[in-house]
Amino acid sequence: RVAISPLIASQMMPLLVTFQEEYPDVALEIFTETRFAALTAEGFDIAIRGGTLRNSDLIQRRLATLDVGLFASPAYIRRHGTPSTAADLARHVLLRSHDTGDKPRTRWPLRGGGSVRVDGSFVTNDRILLRAAAVAGRGIALLTAAHASPMGDQLEQVLQQEVGTHIGLHVVYPERALLPARARVFIDAVVGFFSHWIPTTQVDS
């Protein structure tokens, strides 16, 4: 049982296909989770997620570093203009996700340190829906570049040098001594896959 962010799950499809071809006797049960699943309590063997590990009883291995920035559609920019500074965001329509505490985010990170306060009437815990709202021209969203770039000319990055951060993408699991062999070989396959990972240009459906 594996919990994966929905936006990463589609990128991992080549790995999942290859893994099942190589280990046909291993059953994969994939859950796409927008939240941080509680591995032990919810019966998961492995999770693949971004952010910082908060449970010291679990092992975390970094798979990739993801750049996070602000994105908007060309249609939105034509109607509302391009913000020149982080302070300009107060005059724009902002699309927000939830923070790690499952509450609407009220601040976005600044690349030089600190953060800028944000507000807006559209909030979702679903990153796919957040990106879709940005593509539809509903406002400016904070997204990973890996998830925004497959949209091609449908999204443009704004305030690239001023607003954003980097987050780690990790595979998380209990102590290896407690893992069944099938989970260990899957973790090894995941680590190998992401060592050569380049985000695809496929658009999530």
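Analyst: The mean pLDDT (the predictor's confidence in each residue, from 0 to 100) is 85, and 86% of the residues reach 70 or more. Residues 201-205 have pLDDT below 50, and this stretch has seven contacts beyond near neighbours in sequence. Where pLDDT is low, the predicted coordinates should not be read in detail. This is a predicted model: local features need pLDDT of at least 70, side-chain atom pairs count only at pLDDT 80 or more, and totals for chains, interfaces and linings use all residues. Residues are numbered from 1 along each chain as its sequence is written, and side-chain values use heavy atoms, without hydrogens and water.

User: What makes a residue count as buried, and what percentage of the 205 residues do?

Analyst: Buried means under 20% relative accessible area, exposed over 50%, partly exposed in between (1.4 Å probe, protein chains only). By that cut-off, 42% of the 205 residues are buried.

User: Why is a set of residues called a nonpolar core?

Analyst: Because its members are buried Ala, Val, Leu, Ile, Met, Phe, Trp, Tyr and Cys residues joined through side-chain atoms within 4.5 Å. The largest such core has 26 residues; Met 12, Ile 48, Val 190 and Phe 194 touch the most other members. Helix 7 gives the most to this core, with six residues. Helices (H or I, at least four residues) and strands (E, at least two) are DSSP runs, numbered from the N terminus.

User: Which residues does Ile 48 touch?

Analyst: Contact means heavy atoms within 4.5 Å. Leaving out residues up to four places away in sequence, Ile 48 touches, among others, Met 12, Leu 63, Leu 169 and Val 190.
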